[in-house]
Amino acid sequence: MGKTFLKPNSLSDNHTHYCPGCKEAAHGRAPAMATGIKRVRPDLNVFTYQGDGDLASIGMSEIIHSANRGEKFTTIFVNNAVYGMTGGQMAPTTMPNQKTTTSPFGRDVKDVGMPIKMANLLAALQTPGYIERTTVLKPKYIVKAKKAIKKAFIYQMEKKCFSFVEVVSTCPTNWGMTPQDSIKWAEDTLLPYYELGVFKDTPKMEEKNAK
Amino acid sequence: MAKVLMKGNEAIGEAAIRAGCLNYFAYPITPQSEVAEYLAKRMPEVGGMFLQGESEVAVGYMLFGASACGERVFTTSSSPGISLMSEAISYIAAAQCPVVFVNIMRGGPGLGGILPSQADYSQSVKGGGHGDYKLLVMAPASVQEAVEMVTEAFVLAEKYRNPVMILGDGLIGQMMEPVEFPEKVAAKPSDKSEWATTGMDTRKSDKRNLVKTLFLDPEELNRHNLMLKEKYKKMEAEEVRYSTYNTDGDYKAVIASYGTMSRVCKTAIDMLKKEGIEVCMIRPQTLFPFPEVAIRKAVEKKSCKLAISIEMNMGQMVEDIQRSVSGIVPVKWYGKCGGEIPTPEETAEAVKKYLNNEE
Amino acid sequence: MQSEVMFAGFGGQGILLSGKILAQTAMDQGFEVAWVPSYGPEMRGGTAYCTVVISDEPIGSPIIKNPAHLVAMNRPSLEKFAGIVKPKGVILINASLIPIRSGRDDIDELIVQTTEIASEIGNIRAANIVALASFIARSRIVDFDIFRECVKKEFSKKPKLIPLNMKAVDKGKLAANFDV
């Protein structure tokens, strides 16, 4: 029987905990570390893989400044509206009234504000070139997400721009739901707020204008 | 090469370039901003890289990233900035990356002041960041020595795969003195292919290098930390550096002092000598590893009644001296901690007072 | 032998530069030198001062309680530092801004109208070079010809300013002699 799926060559057998690459930065600091790598070795392909607590809370400064400098690496931002790694605390992306371990009565937006839309926020900056929000809730979305991530890496390899792909996903464990319910909840609650789509694609715009 | 008159901060920047370090990340802070200002102009001239990070927190990780892929890299900052970098310093030490840090100290705690101080002795020597780690800490006493130590710092950082801290008080950065730079690249780069994440296409082997600091398995973390400990022990055995002053005669006290303060002590010792009072000095050039043996031997002399730590802080080195003399003589402290540097006259007077109390 | 000179005045009077040129001259002459600035908050607009230590041996303490000489460019500096100068030292008083005297009879007081002289030669900003030249001519702390070369070197990136500063050097020297 032929193989139907092979692990990509880029994935090694190294055991890593939350960072799938070859370096671990502290909570939120991955874009600064990626900047360090990219500035001294622009030929290397560099990406950061960050969650919503990491990127939108403690690492807000690092991501904004890296994006604004147009560092030519790729950020994959996984948004599941909760701190997953540490056990389900409230994240800056937690939805209004959503219950978490640190918002047991639901997120009170009068007290802590509305969830942060990172893709929208970064798109307000002039420098970053490619920003898209995708999701992996269903196969039709996964195909689009894959395309977006591929495009982000191509832009990096062409040394074009900073690229940012937000991936709206679920966290059944910390949401206290079955996987099926969590997909439904995400579609009903997250997607209307975190609208999918391309927020910015400067390389494509420039290509169009050139034509 | 001919001598040039240069400010310590600028000389430190130039020394790093001469040592073959062409990557510099920094965030401005008084009293060392001249390093960034100097290198902002100088790095492009030599094909180097300078990036002003958005914060010292970010700069710490820029250094970590750059070093993890095998490039020589350094930064300069001052006390509050080093506090912000301390998180990254802990990671860098754990991941064994050879980054060189320069701390041109100012008075603390808090915002403190911007005048010379040595208040970050403990921060550098005992930790500062979290976890079990050590920095190799060097304390220059002149602009020339700062240049030499910067050069050596890159060699030592790579030899031990460990961050090195150059700890200078504000005056070392601000003072102008004649300096002579080494003609050529003075610190040969080491082979980093065994550990650095340089990219698979640049390496001959298929082995993947991984730079990490997370060891969730307690046995693995234990092994890792013991390996670090071995490294620190090796530093203690091989890298202690110090100089001595007036140790020949029958001195009554041993002064331990470093940086600018040690030069004031030198003049104070000369003044006391004229009055017939013999005092000697051990000047640690490395604060970790600490010249324990030298200090112990110095106080073992029969005539010696006393050891005095003279520093521009509240006496942070006293514990290390106490450890070194292990009760043979009492250990005192003299210094100022507000940014003012004691004069030789004041220092000599303080030493005399202690000696009179002993008799 | 070691000697120390303290330069003091308002920020913007070229105090630190004067000290630097003296340090450079001494170094070129083969002495050990240290230039020690005050870089406190007073640097901006208030009093600025620096000390230059010159020695034929490696310099111990760069921190000096009693300098051998003082170049005082404004009144607060003279008031603050006149008392700490060692006996027999030179105290240069910038008479353009300082109506008082040092009150000491154990030092060599050198009174120079630096602003007026600088203005005569075309630019009041050269007042610090006038003062420095005067001081060096009187104290003979370094060789005057090496000093002249150092001033040229200092302004080598702005060659237009060299003739003006050479005039300042000559007039300053003259002022030192007149005052004797």
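Figure 1. C:Arg148 is partly exposed, at 22% relative accessibility. In this predicted model, C:Arg148 forms a salt bridge with C:Asp170, and the closest N and O atoms are 3.0 Å apart. C:Arg148 sits in helix H5 (residues 144–154) of chain C and C:Asp170 in helix H6 (residues 162–179) of chain C, so the bridge ties together parts 22 residues apart in sequence. C:Asp170 is also partly exposed, with a relative accessible area of 37%.

Figure 2. B:Glu152 forms a salt bridge with B:Arg241; their closest N and O atoms are 2.5 Å apart. The pair links distant parts of the chain, 89 residues apart. B:Glu152 belongs to helix H6 (residues 143–160) of chain B, while B:Arg241 lies in the loop between helix H8 (218–238) and strand S9 (242–245) of chain B. B:Glu152 counts as partly exposed, at 26% relative accessibility. Salt bridges link B:Glu152, B:Lys159, B:Glu238, B:Glu239 and B:Arg241 in a network.

**Figure 3. A β-α-β unit in chain B.** S2(B), helix H2 (residues 33–45) of chain B and S3(B) make a right-handed β-α-β unit. Strand S2 (residues 23–26) of chain B runs parallel to S3(B), joined by four bridges. B:Tyr24 has B:Phe50 as its bridge partner in S3(B). Side chains alternate along strand S3 (residues 49–52) of chain B.

**Figure 4. Helix H12 of chain B and its packing.** The 15 residues of helix H12 (residues 344–358) of chain B should span 21 Å at 1.5 Å a residue, and the end C-alpha atoms are 21 Å apart, which agrees. Its buried residues include B:Ala348, B:Val351 and B:Leu355. The buried residues of H12(B) pack against several elements of chain B, among them helix H9 (259–274) and strand S11 (279–284).

**Figure 5. The five-stranded open sheet of chain A.** The strand order is S1-S2-S4-S3-S5 (chain A), with mixed pairing. Strand S1 (47–51) and strand S5 (197–201) of chain A stand at the edges; each has a single partner strand, so one side of each lacks a neighbour in the sheet. Neighbouring strands of this sheet are turned by 15° against each other on average, direction ignored. S1(A) pairs with strand S2 (residues 74–79) of chain A in the parallel sense over five bridges. A:Gly51 has A:Val78 as its bridge partner in S2(A).

Technical notes
Residues numbered from 1 in each chain as written. Chains lettered and ligands numbered in written order. Predicted model: local features only at pLDDT ≥ 70, side-chain atom pairs only at ≥ 80, totals over all residues. Heavy atoms only, no water. Buried < 20%, exposed > 50% of the residue type's maximum accessible area, 1.4 Å probe, protein only. Helix = DSSP H or I, 4+ residues; strand = E, 2+ residues; numbered from the N terminus. Pairing = 2+ DSSP bridges. Right-handed = clockwise from strand over helix to strand, strands pointing away. Axes fitted to C-alpha atoms, helices over the stretch in contact; angles between N-to-C directions. Expected span 1.5 Å × (residues − 1). Contact = heavy atoms within 4.5 Å. Salt bridge = Lys/Arg side-chain N within 4 Å of Asp/Glu carboxyl O.
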